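This briefing sets out selected features of one protein model, grouped by topic. Please read it alongside the sequence and the coordinates.

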Amino acid sequence: MLFDAIRRRRQEKADSQQAWLARWQSLVPEENRNVPVTVEGQTRIAYIQINQFVVMLQDGLLMKAHFFDVCEFFQKAGYHVIWLMRCTQDIENGYLKLKKQRGDKCLWK
C-alpha cells in the first residue's frame with residue numbers, strides 16, 4: 001500500500017499539464033467540463049462548473065493580477081471560484097519556498 005501511494009505521487013509529479021487537467025476533469029460529468037461563461041460580451045472557460053461553483057485548475061506559477069482578474073470575472077457571472085493548484089514546478093524552480101512547517105500545516109513564501 002505504501003508503495004502504491006509513492007508510485008501515485010511520482011506519477012502525479014511526472015504528468016504533463018494536459019494529463020493533470022484531464023485527471024481532475026474526469027471526476028465530473030462531461031457537461032461540467034470546459035464550460036464557457038460569458039459576461040459583458042467576454043467569454044472565459046471554466047475548467048469545471050457545478051451549480052454556483054467554478055473550479056479553476058492551475059499548473060505552475062499564477063500571477064497575482066491574473067488570479068484576481070479571473071476571480072472577478074466569474075464572480076460577476078454569479079459563481080464562487082475555487083482554485084486547485086499544482087505547484088511542484090514552482091517548488092523545484094525555487095519560486096515557492098517552505099518557510100515553516102508545524103505538523104501538517106505549511107507556510108510558503
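Lys-76 is exposed, as its relative accessible area is 51% (buried means under 20% relative accessible area, exposed over 50% and partly exposed in between, with a 1.4 Å probe and protein chains only). The model is predicted, so local features need pLDDT of at least 70 and side-chain atom pairs count only at pLDDT 80 or more, while totals for chains, interfaces and linings use all residues. Residues are numbered from 1 along each chain as its sequence is written, and side-chain values use heavy atoms, with hydrogens and water left out.

**Salt bridges**

- Lys-76 forms a salt bridge with Glu-72, the closest N and O atoms being 3.7 Å apart; the term denotes a side-chain nitrogen of Lys or Arg within 4 Å of a carboxyl oxygen of Asp or Glu.
- Both Glu-72 and Lys-76 belong to helix α3, four residues apart, which is about one turn of the helix.
- Glu-72 is partly exposed, with a relative accessible area of 44%.
- The count of salt bridges comes to two.
- Asp-69 and Arg-44 also meet in a salt bridge through their side chains, at 2.5 Å from N to O.
- Because Asp-69 lies in helix α3 and Arg-44 in strand β2 (residues 42–50), this pair ties together parts that are 25 residues apart in sequence.
- Asp-69 counts as partly exposed at 36% relative accessible area, whereas Arg-44 counts as buried at 17% relative accessibility.

**Aromatic pairs and a charge over a ring**

- The structure holds three aromatic pairs; rings of Phe, Tyr and Trp (its six-membered ring) pair if their centres lie within 6.5 Å, and planes under 30 degrees apart count as stacked, over 60 as edge-to-face and the rest as tilted.
- One of them is the tilted pair of Phe-67 and Trp-83, with 5.2 Å centre to centre and 40 degrees between the planes.
- This pair links distant parts of the chain, 16 residues apart, as Phe-67 is in helix α3 (residues 64–76) and Trp-83 in strand β4 (residues 80–86).
- Phe-67 is partly exposed at 24% relative accessibility, whereas Trp-83 is buried at a relative accessible area of 16%.
- The rings of Phe-73 and Phe-74 are edge-to-face, because their planes stand at 85 degrees, with the centres 5.1 Å apart.
- Phe-73 and Phe-74 are both buried.
- Phe-67, Phe-68 and Trp-83 form one aromatic cluster.
- Arg-44 lies over the face of Phe-73, at 5.1 Å from the ring centre; a charge sits over a ring if NZ of Lys or CZ of Arg is within 6 Å of the ring centre and within 35 degrees of the ring normal.

**Strands β5 and β6**

- None of the five residues of strand β5 (residues 98–102) is buried, so the strand lies largely in the open.
- Strand β5 pairs with strand β6 (residues 105–108) in the antiparallel sense over four bridges; two strands pair if DSSP finds at least two bridges between them.
- Gln-101 has Cys-106 in β6 as its bridge partner.
- The two strands β5 and β6 form a hairpin with two residues between them, and Gly-103 in the turn has a positive phi of about 65 degrees.

**The chain as a whole**

- The protein chain has four helices and six strands; helices (H or I, at least four residues) and strands (E, at least two) are DSSP runs, numbered from the N terminus.
- Along the sequence their pattern is α-α-β-β-β-α-β-α-β-β.
- Of the 109 residues of the protein chain, 27% count as buried.
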